[in-house]
Amino acid sequence: MTAIAFFCALIAAPTLEISIAPDQPVPYVYTDDPVILQIKSSEDGKATGQVSITGDDGKSTAIALPTIPLRASGAHWQPLEGAPPAKGRFHVHVALVVDDAKLNTDLVYCRIDRPGDEVRAPVRVRVGAPEPTVLHALRGIPLREITLPIATPELQALLASASLTGFRVAIALDSAAAADLPALTKLATTLGDNVSAWRVPVPEIKVEALEPLAAALRAAGSRAQIEAALSSGPVDLDAYLAAGLGRTAFKVFLPPNGLAPVRTAFENAGYEGFRLQSIVRASNEKDDGSNRASVARDILGSQFACGTRPEIDASEVYSQGAFGESYSLLSAMAHRLNGYDYFDELPMTNRARAVVFRRGDAWIAAMWATGQPAVQMLPAGDATDILVTDADNNALPVPKMEERSLRMALTNPPIYASGKGGPLLAVTARASARKEADLILEEARVRA
């Protein structure tokens, strides 16, 4: 039993402990596995009752439990026959009667695709104060890249554990750590190749300090890259580039919605195809379905050509022993987009967005409504192997074709449509070329 097992209640007799998916380090259930309810009891007895399982879509399933024999200090595993087979996050209400005493408790689990070594989510996660089970939860998606603050307790042990389980780890420096180069180089020697990158906040750490910092780390034997994270305030990018930002930083992270002008500034300074990406801020939304899947939309909307993976906070995924709504959505994104590269955005009305990924002539369009539900046409033409899935990677009926386009009914959670061939990539490429031309013509020196 781990920290995510929920101590449901203390009753007169016996004391019970109830959890779900006891065979996993955190309560996720693979699509080909049953949902298991575990009951531990302090005394012998019998339990009866009912389980109600409700998905994030609001649909509920009621399951009557058989009479369950309880043994003192033993664990009973009860398969929940009839549990929803769909992937997603589910809230479980357990109502038991044990020796005339009533017990109610609430649990949460996620049903997800089984992670594989070849699957990689198009997102990174910053982990502030790691819980014992957080790395297990991230691996289940699977997420492969994390960022840890240098002030993280037990940093060396945590970093070693993360590296052994397949994570690439960036260390986020603060001003004090960057100013104390002797201590930093000593730490770099100790951590060795377990560090994949050093994250430097700019302008808290001045751009002029990046080159000596990088030289000191290399002298200490660190082969990790230098990443720069630009602040959310006004950025004097020309001055940063003149001071050597592009020479020293391998990647630059910046606040959302600022990628295009930053890319232009880098190109004007001679850095073509520089690695840029967003840090996606916490959603701060109510967990009531009123703005479902905002983090998933932000990640998809923050994809960028020649970019690295956008970064989110671990609290959006797993926190205090419980899954966030984003958990199953990121698992679906990892499996659905695995092996595909970001291509560009497909033009739609202002009521919807669509971003396109490709692998050769195969494509995936991730689409969502920006407000109220909307109907949009997807130019699929004579494409083959068309598959449509929801935000949790559950198969949906393929919409009917109208004038060589799929009639897509969109809501806030993204849906994915994929196919091979057809006109979609060409339509996206033409729109991308027009967008690039418009950006070029915005420059006064070119317009003349």
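Contact means that heavy atoms lie within 4.5 Å of each other. Keep that in mind while reading this model, which is predicted.

Start with Ile171. Leaving out residues up to four places away in sequence, Ile171 touches Leu148, Ile150, Leu155, Leu159, Val195, Ala197, Trp198 and Arg199. Ile171 also belongs to the largest nonpolar core, which has 88 residues. Within that core, Leu138, Ile146, Ile171, Trp198, Leu245 and Val252 touch the most other members. The element that gives the most to this core is helix α10, residues 326–337, with 6 residues.

Now look at strand β13, residues 195–202. Ser196 lies in this strand. Is Ser196 buried or exposed? Buried means under 20% relative accessible area. Ser196 has 15% relative accessibility, so Ser196 counts as buried. Which residues does Ser196 contact, beyond its neighbours within four places in sequence? They are Arg168, Val169, Ala170, Ala224 and Gln225.

Next come the helices. Two packed helices are described by the angle between their axes and the distance between the axes. Take α4, residues 181–191, and α5, residues 210–219. Their axes come within 8 Å and cross at roughly 40 degrees. The two helices are therefore oblique to each other. The crossing of α4 past α5 is right-handed. On the α4 side, the contact is made by Leu181, Leu184, Thr185 and Ala188. On the α5 side, Leu213, Ala216 and Leu217 take part. By class, the residues of this contact are 6 nonpolar, 1 polar and no charged.

An α-helix has 3.6 residues a turn, so residues three or four places apart point the same way. Look again at the α4 list with that in mind: Leu181, Leu184, Thr185 and Ala188.

Move on to helix α9, residues 294–301. This helix is mostly covered, with 6 of its 8 residues buried. Which ones are they? The buried residues of α9 are Ser294, Val295, Ala296, Arg297, Ile299 and Leu300. They pack against two kinds of element. The helix is α10. The strands are β17 (311–313), β21 (352–359), β22 (362–369) and β28 (415–420).

The pairing of α9 with α10 can be described too. Their axes are 9 Å apart, at an angle of about 35 degrees. Val295, Ala296, Ile299 and Leu300 of α9 meet Ser326, Leu329, Leu330, Met333 and Leu337 of α10. This contact has 8 nonpolar residues, 1 polar and no charged.

Finally, check the backbone. A cis peptide bond joins Ile141 and Pro142, with omega about 0 degrees. Pro142 sits in the loop between α1 (134–140) and β11 (145–149). The peptide bond from Val202 to Pro203 is also cis, and here omega is near 15 degrees. Pro203 is in the loop between β13 and α5.

Gln320 is not a glycine, yet its phi is positive, about 55 degrees. Gln320 is found in the loop between β18 (318–319) and β19 (322–323). With 73% relative accessibility, Gln320 counts as exposed. Asp385, a residue other than glycine, has a positive phi near 55 degrees. Where is Asp385? Asp385 is in strand β24, residues 384–389. At 60% relative accessibility, Asp385 counts as exposed.

Note on methods: Residues numbered from 1 in each chain as written. Predicted model: local features only at pLDDT ≥ 70, side-chain atom pairs only at ≥ 80, totals over all residues. Heavy atoms only, no water. Core = buried A, V, L, I, M, F, W, Y, C linked by side-chain atoms within 4.5 Å. Buried < 20%, exposed > 50% of the residue type's maximum accessible area, 1.4 Å probe, protein only. Helix = DSSP H or I, 4+ residues; strand = E, 2+ residues; numbered from the N terminus. Axes fitted to C-alpha atoms, helices over the stretch in contact; angles between N-to-C directions. Parallel < 35°, antiparallel > 145°, perpendicular 65-115°, else oblique. Left-handed = near helix turned anticlockwise from the far one by under 90°. Nonpolar A, V, L, I, M, F, W, Y, C, P; charged D, E, K, R; others polar.
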